[in-house]
Every structure is written in structure tokens, then in C-alpha cells.
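Here are my notes on this model, as numbered points. Have the sequence and the structure open while you read.

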Amino acid sequence: MTANTVASDFNRKAAQWALIMDRVATQQTLLEALKADMIEDLQDFGVRDHKGSYVLDLGRSYEVAGKKFTGLKYQRGSTRTANTEKAEQLAKEKGLVERLFPAQPVFDPQEVYVAFQEGLLTEEEVDQIFPEKTTWSFVRVGAK
């Protein structure tokens, strides 16, 4: 029998973490395949609502994890993003370049280092301009 030490407790946690991560990856793959199949079904058999989403009534109520539902919706969402090439073309054609593309100061990070090398900025000031951001993640190491 293995002694219940901090090290053995952590080893069990590490093994459990690796197992759950593997299960999550497998479940995510299965979920994505199921969603792709369901999207086809919703598009084939669902009813389109006024926003372009597909809704399918399941014909009965289901409860999963304490949440009830009677249908599924493949919800449509849309956003508008600027087509800057088209905007530039139209601005040139209509004489609106200065209005649609006003001159703005642009930050040049390389110039920060040049100014530092020239003695115009201190190392502390450079660190203030580029603060360190730390991230953490669990990563498997060792034997594959």
C-alpha cells in the first residue's frame, strides 16, 4: 500500500487531471460531430424564424441537469465588419479620404527600443510601456 503523502496525493491528482483532459478532448470531438449532424437535421426539418434561425419542436419536454427544454434552435447571429478596401475605394471616388481615413498617430514599438538605446528612455520607462504579462497552464512533460 502506498503511503498517503503530499507527493503521492499530488501524483493521484496529476493522473486524474490527465485522464479528465483526455476524456474532455474525446467528448469535445464527439460533441462537434453530433452538432454537425444536428445542424443538418435542423436545417432540413426545422422551421425558420424571423431572424433566420432554425427551430425544431421536440414534441415533448426533456430535463437534463435540472434544465427543461422542449425544442432546439440553431441560432443565427450576424455582425457587420468594415470592408476597409471598399471604404478606401469609395472614399477616393467621392473625395472623402480625409473624412473617412483621418490621420492618426501610430505607436511604433520598435522606436521605443531605439529611444532606449539613444538614452532618451530608461529601462524602467520601457518596462512601463511594455509591462510583463504572466500566463500559466498545465502541460504534460516527460514520456510520451
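1. A word on exposure before we start: buried means under 20% relative accessible area, exposed means over 50%, and partly exposed is in between (1.4 Å probe, protein chains only). By that scale Arg 12 counts as partly exposed because its relative accessibility is 44%.

2. Some housekeeping. This is a predicted model, where local features need pLDDT of at least 70 and side-chain atom pairs count only at pLDDT 80 or more, while totals for chains, interfaces and linings use all residues. Residues are numbered from 1 along each chain as its sequence is written, and side-chain values use heavy atoms, with hydrogens and water left out.

3. On to the sheet. Three strands make an open, antiparallel sheet in the order β1-β2-β3; strands (E, at least two residues) and helices (H or I, at least four) are DSSP runs numbered from the N terminus, and two strands pair if DSSP finds at least two bridges between them. At the edges sit β1 (47–48) and β3 (67–74), each pairing on one side only. β1 joins β2 (residues 54–64) over two bridges, with Arg 48 opposite Tyr 54 in β2.

4. What packs on this sheet? Helix α1 (residues 6–45) does, touching β1, β2 and β3, where contact means heavy atoms within 4.5 Å. The direction of α1 makes about 75 degrees with that of β3; axes are lines fitted to C-alpha atoms, for helices over the stretch in contact, and angles run from 0 to 180 degrees between N-to-C directions.

5. Now the salt bridges, meaning a side-chain nitrogen of Lys or Arg within 4 Å of a carboxyl oxygen of Asp or Glu. The whole structure has five. Arg 12 pairs with Asp 9 at 3.9 Å, N to O; both lie in α1, three residues apart, about one turn of the helix. Asp 9 is partly exposed, at 31% relative accessibility. Asp 9, Arg 12 and Lys 13 are linked in a network of salt bridges.

6. Helix α2 (residues 84–94) holds Glu 88 and Lys 92, four residues apart. Their side chains meet in a salt bridge at 3.5 Å, N to O. Glu 88 or Lys 92: which is exposed and which partly exposed? Lys 92 is exposed, at 57%, whereas Glu 88 is partly exposed, at 37%.
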